[in-house]
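Me: Please take me through the helices and the aromatic contacts of this model, with the cut-offs stated as you go.

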Amino acid sequence: MSLVIYIAVMAGVTYLIRMIPFAAFRRQIKSRFFRSFLYYVPYAVLTAMTVPAIFYSTGSMATAAFGTAVAVALAYFDMPLIVVALAASAAALAMGAAVNFI
């Protein structure tokens, strides 16, 4: 019975989180500051979730930093996402192998 209550509470919370902005902001937002703030919220949330996962995904901070540096460099030169992801993974793997070898 408690499992049903947990699921109902989670469903209610999820519904409220998604419904409250629609109920609160029925008209178009006119404030330039608030519109620009809302424009960057998805990027900030995605960054806050992704960056810690990147640096704690490997056993070593050095391998994660090296893979991230490779990814940032390739993304700067407008490489496709698959190339960036594969190269960053390969760089982190190679750095891990080099750290273990030394």
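Reply: The model is predicted, so local features need pLDDT of at least 70 and side-chain atom pairs count only at pLDDT 80 or more, while totals for chains, interfaces and linings use all residues. Residues are numbered from 1 along each chain as its sequence is written, and side-chain values use heavy atoms, with hydrogens and water left out.

Me: What distance separates the end C-alpha atoms of helix 3 (residues 61-76)?
Reply: Helices are DSSP runs (H or I, at least four residues), numbered from the N terminus, and the expected span is 1.5 Å times one less than the number of residues. For the 16 residues of helix 3 this rule gives 22 Å, which agrees with the distance between the end C-alpha atoms, 22 Å.

Me: Which residues of helix 3 are buried, and why are they said to be on the same side?
Reply: Buried means under 20% relative accessible area, exposed over 50% and partly exposed in between, with a 1.4 Å probe and protein chains only. The arc is taken from the directions from the helix axis to the C-beta atoms. The buried residues of helix 3 are Thr63, Ala64, Gly67 and Ala71, and they are placed on the same side of helix 3 because they cover an arc of only 100° around the axis.

Me: Which exposed residues does the face of helix 4 turned away from its buried side carry?
Reply: In helix 4 (residues 81-101), the buried residues are Val84, Ala88, Ala91, Ala92 and Gly96. They cover an arc of only 135° around the axis, which puts them on the same side of helix 4. The face turned away from that buried side carries the exposed residues Ile82, Leu86, Leu93, Asn100 and Phe101.

Me: Are the rings of phenylalanine 34 and phenylalanine 37 stacked or edge-to-face?
Reply: Rings of Phe, Tyr and Trp (its six-membered ring) pair if their centres lie within 6.5 Å, and planes under 30 degrees apart count as stacked, over 60 as edge-to-face and the rest as tilted; by this rule the count comes to four aromatic pairs. The centres of phenylalanine 34 and phenylalanine 37 are 6.3 Å apart and their planes at 20°, so the pair is stacked.

Me: What angle lies between the planes of tyrosine 39 and tyrosine 40?
Reply: Tyrosine 39 and tyrosine 40 are both exposed, and Tyr39, Tyr40 and Tyr43 form one aromatic cluster. The pair of tyrosine 39 and tyrosine 40 is edge-to-face, with 5.0 Å centre to centre and an angle between the planes of 90°.

Note on methods:
Helix = DSSP H or I, 4+ residues; strand = E, 2+ residues; numbered from the N terminus.
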